[in-house]
Amino acid sequence: MGRRKNGMMSEGLKTEIAKELGFYDTVQREGWGGIRSKDAGNMVKRALEIAEQRLNNENR
């Protein structure tokens, strides 16, 4: 199974979340491929939380 070339998250959102979760220094040193699987999973989880919050705010 190949990797996607274009991710669903914007670079800005990924950066914001990586800073929030505390592994942006790894991204700066090694790129996105250098983060741990656990960090990637937490990043996706946080992105989903943000998206859900935004949807809830739009529907109010």
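These legends walk through several close-up views of a predicted model. Local features rest on pLDDT of at least 70 and side-chain atom pairs on pLDDT 80 or more, while totals for chains, interfaces and linings use all residues. Residues are numbered from 1 along each chain as its sequence is written, and side-chain values use heavy atoms, with hydrogens and water left out.

View 1. The elements run α-α-α from the N terminus on. The C-alpha trace spans about 40 × 30 × 20 Å along its principal axes. Of the 60 residues, 23% are buried; buried means under 20% relative accessible area, exposed over 50%, and partly exposed in between, using a 1.4 Å probe and protein chains only.

**View 2. Helix α3 covers residues 37-58.** Asp-39, Met-43, Arg-46, Ala-47 and Ile-50 are the buried residues of α3. Seen down the axis of α3, they fall within an arc of 105°, so they line one face of the helix; the arc is that of the directions from the helix axis to the C-beta atoms. On the other side of α3, you will find Ser-37, Lys-38, Lys-45, Leu-48 and Glu-52 exposed.

**View 3. Helix α1 (11-21) is part of what covers the buried residues of α3.** The two helices, α1 and α3, pack at an angle of about 110°, with axes 10 Å apart. Axes are lines fitted to C-alpha atoms, for helices over the stretch in contact, and angles run from 0 to 180 degrees between N-to-C directions. α1 and α3 are therefore roughly perpendicular to each other, a term for angles of 65 to 115 degrees. The contact (heavy atoms within 4.5 Å) includes Leu-13 and Ile-17 of α1 and Met-43 and Ala-47 of α3.

**View 4. Thr-15 sits in helix α1.** Thr-15 counts as buried because its relative accessibility is 16%. Leaving aside neighbours within four places in sequence, Thr-15 is in contact with Tyr-24 and Trp-32.

**View 5. Met-8 is found in the segment before α1.** Met-8 is exposed, with a relative accessible area of 76%. From Met-8 to Asp-39, the separation is 31 residues in sequence and 17 Å in space, C-alpha to C-alpha.

Notes
Helix = DSSP H or I, 4+ residues; strand = E, 2+ residues; numbered from the N terminus. Expected span 1.5 Å × (residues − 1). Parallel < 35°, antiparallel > 145°, perpendicular 65-115°, else oblique.
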